[in-house]
Amino acid sequence: QFRTAVRELPCCTTNRDGSGQGDPLNVVLVGSGEDAIAALAASGWSVTEAITADSIRRMVGAAIAEKSLRTAPVSSLYAFGRKQDIALQRGRSTISQRNHMRLWLAPFRCEGKPVWAGQVSRDIGVKVTSKSPTLTTHVIDPVIDESREYLLHSLLHRDAVSQFAFVRGVGEASRDQPRLNLTDDPYFTDGMRMVLWL
């Protein structure tokens, strides 16, 4: 039943009104919110700030100075009719290059434990776009599956995963025929969704 529920999750995030498809929902975490935050924090992930005038100012300053900002905000994507419940990132040398993840509490449980559907990807640059309220957005690495495995490795390094599995559900997209997210970044994937028990 759990495998079926994971497989039947929406393939992708959407914009606010659900009219466009964004980045794929490529990870599922099983565990309480406290367990998830503790495991991710121990593995080097930081909770992002809300988008405010001050956080945008500091993010722009970090981008101009080519510095890292471990709590820089991420834009809102939607699943289950709402924006992400939590967003995290694992910083790299500059703000334009980071791994980031959005999580939504799913409408079902696994053996009584909360389930979090998520989207994880890696930023490789910044671009100007009219599709973002801040007029800028990050460009994602098209090799989206590597970001999924990066999350797994970061958690395994801290012994934060008891088991993991892969379930179909995202839908395959090849290098020759990639999909586009909401800001027209191409990506390709083997179509699998990674499930982690924390």
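A: A nonpolar core is a set of buried Ala, Val, Leu, Ile, Met, Phe, Trp, Tyr and Cys residues joined through side-chain atoms within 4.5 Å. Buried means under 20% relative accessible area, exposed over 50%, and partly exposed in between (1.4 Å probe, protein chains only). The model is predicted: local features need pLDDT of at least 70, side-chain atom pairs count only at pLDDT 80 or more, and totals for chains, interfaces and linings use all residues. Residues are numbered from 1 along each chain as its sequence is written, and side-chain values use heavy atoms, with hydrogens and water left out.

Q: What makes up the largest nonpolar core, and which members touch the most others?
A: This core has 18 residues, and Leu40, Met101, Leu103, Leu151, Leu155 and Leu196 touch the most other members. The elements giving two or more residues to this core include strand 3 (27-30), helix 2 (33-42), strand 7 (86-91) and strand 14 (192-197). Helix 4 supplies the largest share, 3 residues. Helices (H or I, at least four residues) and strands (E, at least two) are DSSP runs, numbered from the N terminus. A second, separate core of 13 residues includes Val28, Val30, Ala117 and Val167. In soluble globular proteins, nonpolar side chains tend to be buried together.

Q: Which residues does Leu151 contact, leaving aside its neighbours within four places in sequence?
A: Contact means heavy atoms within 4.5 Å. By that criterion, Leu151 is in contact with Val27, Leu40, Trp45, Met101, Met194 and Leu196.

Q: Why is Ser147 called buried?
A: Ser147 has 1% relative accessibility, and the limit for a buried residue is under 20%; Ser147 therefore counts as buried. Ser147 lies in helix 4 (residues 144-156). Not counting residues up to four places away in sequence, Ser147 touches Asn99, Val120, Ser121 and Arg122.

Q: Why is Glu111 called exposed?
A: Its relative accessibility is 79%, and exposed requires over 50%, so Glu111 counts as exposed. Glu111 lies in the loop between strand 8 (98-110) and strand 9 (113-128). Although Glu111 is not a glycine, it has a positive phi of about 50°.

Q: Why is Asp184 called partly exposed?
A: The relative accessible area of Asp184 is 44%, and partly exposed covers the range between the buried and exposed limits; Asp184 is therefore partly exposed. Asp184 sits in the loop between strand 12 (179-180) and strand 13 (186-187). Asp184 also has a positive phi, of about 70°, although it is not a glycine.

Q: What makes the nonpolar surface patch?
A: Leu156, Phe164 and Phe166 make a patch of about 250 Å². Patches are made of residues with over 30% relative accessible area and no salt bridge; like charges are joined within 9 Å, and nonpolar side chains (Val, Leu, Ile, Met, Phe, Trp, Tyr) within 5 Å. A salt bridge is a side-chain nitrogen of Lys or Arg within 4 Å of a carboxyl oxygen of Asp or Glu. Accessible areas come from the Shrake-Rupley method with a 1.4 Å probe; for residues, only the protein chains shown count as cover. Phe164, in strand 11 (residues 163-168), counts as partly exposed at 41% relative accessibility.

Q: How do you know that strand 1 and strand 2 pair?
A: Two strands pair if DSSP finds at least two bridges between them. Strand 1 (residues 12-14) and strand 2 (residues 21-24) are joined by 2 bridges and run antiparallel. Cys12 stands opposite Pro24 in strand 2.
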